[in-house]
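Student: Please take a close look at one helix pair in this model. How is the contact built, and what else is found in the chain that holds it?

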Amino acid sequence: MQFTTEHLGTDIAVVRADGRLNMVSAPELRETVTVAITTGRSRIVVDLGATSFMDSSGLGALIGCLKSARQAEGDLRIAAPNDQVRMVLKLSNVDRILRSYDSPDEAYRD
Amino acid sequence: MLLLRIVALATVILGVNYVAWRWLESINWDAWWIAVPLVIAETYSLIDVALFALTMWRARERPAPPPPLDGVTADVFIATYNEPVDLVATTARAARDIRYPHQTYILDDGDRPEMRAAAAEIGVGYITRGREWKNRPRHAKAGNVNNALMQTTGEFLLILDADMIPRPEILDNTLGYFRDEEVALVQTPQVFSNVATGDPLGSQAPLFYGPIQEGKDGWNAAFFCGSNAVLRREALMQLGIVGYVRETDRAVAATLRDATRIVRRARRRGGVSPATAAALDETAAALIEARRQLGNGEPLGEVTYTVQRRVRAASAGLVSDDLENIRADIEEIERLAGGESPSASFGLDAGDGDELIAALSTRELSPLNALEAVQLALQAVDVDRGDEAQAVMPLATISVTEDMATSMRLHALGWKSVFHKELLADGLAPEDLGTALTQRLRWAQGTMQVFLRENPLFSTGMRLTQRLMYFSTMWSYLVGFATIVYLAAPVVFLVFGVLPVTSWAPDFFWHFLPFFIVNQILFLVAARGLPTWRGQQYSLALFPVWIRACVTAFNNVVLKLPLDFAVTPKTKQDVRKRPWGKITWQLIVAAVLFVSVIIGLVRVLILGDEVIGTVVNIVWVAYDFVCLSVLIGAVRFNGFQGASDTADDERQRV
């Protein structure tokens, strides 16, 4: 699992999650997002395009990051999940909270 | 098994026969004030016995577990709050030396530097709460473990209390069950190694960590008991996420509703500047739109984000002339709500935020104040669960005993549990009556909180038998009320000659004795030779504890009062001072029983009252005495003397 952060506009950070977002990598995602927020980018997009698998710990990390972003008056959005990840989002009802955008660029179009 | 089932069935049939006869034909209506409570108490006991029979119906000893999973990761958590460092260190060393590859962590809720140093020295991890917990509900042990879950990565978690010293094979012998991917929990017994012969304080629970858990296991309802259990991380995380989504859904809908009401009232009041009126209009429109989106099933994250932005923008140009007023309003409401919200200090479920908003929405606020209030409302309840340190809380926080509630929710999600009956950790039990009573009170309170907050009978997701298994344990904690009636009935007869039943004629014995005898046989067969007598004695003798637990849990859940929750004392009580004060009620009851026996004898011998009734009631009182007598030994108990010095220093579990 590997996380890379790219900047978009003035205050958006795109965090790309490469590989399996599970109990092993979940704490790392938290850390990556926390760093982005503390450097002034509180609007986060987690790009799941290259995420092959996600479990409940991964979901937990996403929600934890959403909380951090909201408390910094920003937001967290997700983009480009594959079918397995989409299914996990659906089964866990997390799709009731987070909308899946097609790509990171679209996430903050509003 | 066949014998057990025959006896179980016979017990229930004879019990129904007896209690039906009691209700229909033998209540002495002239003395209804004691007769009706007595028959209700007997009905209570019948239900209790029937649930026990159901529990035993499928009691089974599991075959040896499959070999442990290869190459999985495991974390061992030792939860501590205020136990002595030495004690925790002993457990930590044993945990470190568990054979299966794993990581060990001390979860120190006391945040003690000396504990941190000990962890480093032993070579295990050390986790405390972070800044995010400041001024937020801590949720006791559940919060402690939830906090650690977010910082660790093992697929399986062994949870240990600070005074449970694990054996090296504990993971090897339990991880195999997880080959079944639906298994979320493996619970092993909690047995104490520092218990004196005869178990004066009733510390051991051989019936519970034996036939009863095996019986529950037969219905896939073995409970999580807080320690000596291995859990699947995925299951816990799933629990946390499902709970988060459900709670957020509810909270957002409620907040939008209340915010709308605040704005509506403010607009109705009128008499505001055009700018303010426009802001109110825009806010109202934003709220209506948000509620519409919610109704359409749009994701909550977006709905809340958009409405927050719009509301903030709407009132951005306005200067709140009386910002102070709104603050005063809020303080006033907080004060009315009982200052520091009681549930906050006990870390019960979220909802305090919404309560404040709900209170605000019923007040007359000036338009500007209303706008402020709406903003506050939207901030307070968001998808971020701002009133909690963690958005996702895997271990249930609705009770001071997080374990039972957690396994109930796991079962409701379709997970399986296992009871593995092998001694894999050696515990240290309280060594004085006061501490033991506090611990018993806490368990009972926690159980009754779950009973009132998430009653298993009405929960969805579990099978009926699973719900009954949880209900059975909760039901047994109501025993205190029945005990009072059982204690009062013979006194009423012996002193006043008032009969709760129509007669002591043979009819009574024909109905009662077969049930009574078969019931005792059921206990014997089910217990398979385990010592259960201590448990029976304490079940009766601790009636004030059980009643207090029920009353305080009711006050807490329904009336939202503090639980009056005492942390188990850190140090062993001074043994030279006998804790007679702890059993005042029982001493009073014993005195009353004694006097009533004298009066009863006088009535028979001098006034020539009925003999059979007096004999029955004196036998009854004698049973009460034998049960209550357990407390004499407990009060006089000097603590465990059988082990090395360390045992003397070791204190109790929190």
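**A helix pair in chain B**

Tutor: The crossing of α17(B) and α20(B) is left-handed (the near helix is turned anticlockwise from the far one by less than a right angle; clockwise would be right-handed). This is a predicted model, in which local features need pLDDT of at least 70 and side-chain atom pairs count only at pLDDT 80 or more, while totals for chains, interfaces and linings use all residues. Residues are numbered from 1 along each chain as its sequence is written, and chains are lettered from A and ligands numbered from 1 in written order.

Helix α17 of chain B spans residues 479-496 and helix α20 of chain B residues 543-557; their axes come within 7 Å and cross at roughly 135 degrees. Helices here are DSSP runs of H or I with at least four residues, and strands are E runs of at least two, numbered from the N terminus. Axes are lines fitted to C-alpha atoms, for helices over the stretch in contact, with angles from 0 to 180 degrees between N-to-C directions. The angle therefore makes α17(B) oblique to α20(B) (under 35 degrees is roughly parallel, over 145 roughly antiparallel, 65 to 115 roughly perpendicular, the rest oblique).

On the α17(B) side, the contact uses Val479(B), Gly480(B), Phe481(B), Thr483(B) and Ile484(B). Facing them from α20(B) are Phe543(B), Trp546(B), Ile547(B) and Cys550(B). Contact means C-beta atoms, placed from the backbone, within 7 Å. By class, this contact has seven nonpolar, two polar and no charged residues.

Elsewhere in chain B, seven strands form an open sheet of mixed pairing, in the order β3-β2-β1-β4-β8-β6-β9; strands pair if DSSP finds at least two bridges between them. β3 (125-127) and β9 (416-419) of chain B are at the edges with a single partner strand each, so one side of each has no neighbour in the sheet. Ignoring direction, neighbouring strands of this sheet are turned by 25 degrees against each other on average. Helix α3 (residues 85-96) of chain B packs on the sheet, where α3 touches β1 (74-80), β2 (103-108) and β4 (156-161) of chain B, and its direction makes about 175 degrees with that of β1(B). Within the sheet, strand β6 (residues 183-187) of chain B runs antiparallel to strand β8 (residues 229-232) of chain B, joined by three bridges. Leu231(B) in β8(B) is the bridge partner of Leu185(B).

Definitions and conventions:
Contact = placed C-beta atoms within 7 Å. Nonpolar A, V, L, I, M, F, W, Y, C, P; charged D, E, K, R; others polar.
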